[in-house]
Amino acid sequence: MRRHVSVPPVRKPTRKREVGRGERVLPGVWRLRLPLPWPGVPHCNAWALAAGDGIVLVDTGMHEPGSMAHLERALDQAGLRLEHVRLVVCTHAHVDHCGQAPAIRERTGAPVWLHPAHGHLHANDETPEETIARRVEVARQSGVPEEPLRRWAEQRRAGGTGMSGELTSDRDLVPGATVTTDLGEWQVVETPGHAPSHVCLHQPERRLLISGDHLLGRVSLYFDEGHTPDPVGEFLESLDRVDALDARLALAGHGRPFTDLAGHISANRSLVSIRLDGVRAALAAGEGTPFELAQRVYGEAFSELTASWLLAKTRSWLTHLERRGEARRTGPADPGGADVWGAGR
Ligand SMILES: [Zn+2]
Ligand SMILES: [Zn+2]
């Protein structure tokens, strides 16, 4: 889920009762459940895979004060230690999946593998203030009023970046690269859509899939948009690609492992189709900025807390419909004003 990056991390120390936990889910596979400071997304998973005298760590949790202690606590419950990490693999460049990667590399010397399209994180090429400024500009163009935008920027400034250092990859995680573990070799499957850098890891003999945020036990869509031509279209293609693998168990980036991947994939396709219909109906009701259209599509679910996340999705739906010839930018009403969208070509 990219909720984490999109919705401002609201820091409320009283909420932080979650601690890192580790449990074995299969011989040689441990789920490390790591707390997150985000409302509605209480934790993320890292996965430890037995590999010779050590482990491969898939995903890392985000970096914040105390986060390494949570990871070490979770590892300890699994009978493991940070020093066992031989390789860090990130399913994608969102901070809850890669935030601690630089610190773990620093501590253990383990290399970090990541898909090359990780520039969407902007952790290396922007200061936190530049990131806020860029996102404020996108929000302005989407028609978000000044006052909530100012509050959002303030909250963002109060939070950290979620990263423990510069994110670099020691090897490109692309098809053809394999991750060797005691359970066999895991193959890289590119699954852009949720994020341009998203990959799943597939173990064909055991029919296991480490699905990151591409497939979650609870259907929850998010598209890290603005970096590729059509994140929604890319996501749908990624669903087809994963469907064809016929995996039987998914180890996801959040929540419990789940079976019935075909059912989950189909539920994702249905929700995409429902939301696209919602955007078509919103456009049929009249032209609007993404901010106005998002309120029509999501109704009461659209609040100051969810606005950033739901706006990114609305922009993604509009971009997808634009490519299908069902939506178009009719312009900003004033020079430098917010984008306005209407139906049709
Ligand atoms: Zn996530
Ligand atoms: Zn994500």
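**Aromatic pairs and sheet packing**

Phe302 is buried, its relative accessible area being 12% in this predicted model. The residue lies in the loop between helix H9 (residues 290–298) and H10, while Phe291 belongs to H9, so their pair ties together parts that are eleven residues apart in sequence. Phe291 is also buried, at 16% relative accessibility.

By the rule applied here, there are three aromatic pairs. In one of them, the ring centres of Phe223 and Trp317 are 5.2 Å apart and the planes stand at 80°, which makes the pair edge-to-face because this angle is over 60 degrees. Phe223 is located in the loop between strand E11 (208–212) and helix H7 (231–243), and Trp317 in helix H10 (residues 307–323); the pair therefore ties together parts that are 94 residues apart in sequence. Phe223 is buried at 0% relative accessibility, and Trp317 is buried with a relative accessible area of 0%. The rings of Phe291 and Phe302, with centres 5.6 Å apart and planes at 75°, are likewise edge-to-face. Phe223, Phe235 and Trp317 make up one aromatic cluster.

Charged side chains also lie over rings. The charged end of Lys313 is 4.1 Å from the centre of the Trp309 ring, over which it sits. Arg171 lies over the face of Trp113, 4.9 Å from the ring centre.

Seven strands form an open sheet of mixed pairing, in the order E1-E2-E3-E4-E5-E6-E7. Strand E1 (21–26) and strand E7 (171–172) stand at the edges with a single partner strand each, so one side of each has no neighbour in the sheet. Strand E4 (residues 54–58) pairs with strand E5 (residues 85–89) in the parallel sense over four bridges.

Notes. Residues are numbered from 1 along each chain as its sequence is written. Chains are lettered from A and ligands numbered from 1 in the order in which they are written. This is a predicted model: local features need pLDDT of at least 70, side-chain atom pairs count only at pLDDT 80 or more; totals for chains, interfaces and linings use all residues. Side-chain values use heavy atoms; hydrogens and water are left out. Two strands pair if DSSP finds at least two bridges between them. Helices (H or I, at least four residues) and strands (E, at least two) are DSSP runs, numbered from the N terminus. Rings of Phe, Tyr and Trp (its six-membered ring) pair if their centres lie within 6.5 Å; planes under 30 degrees apart count as stacked, over 60 as edge-to-face and the rest as tilted. Buried means under 20% relative accessible area, exposed over 50%, partly exposed in between (1.4 Å probe, protein chains only). A charge sits over a ring if NZ of Lys or CZ of Arg is within 6 Å of the ring centre and within 35 degrees of the ring normal.
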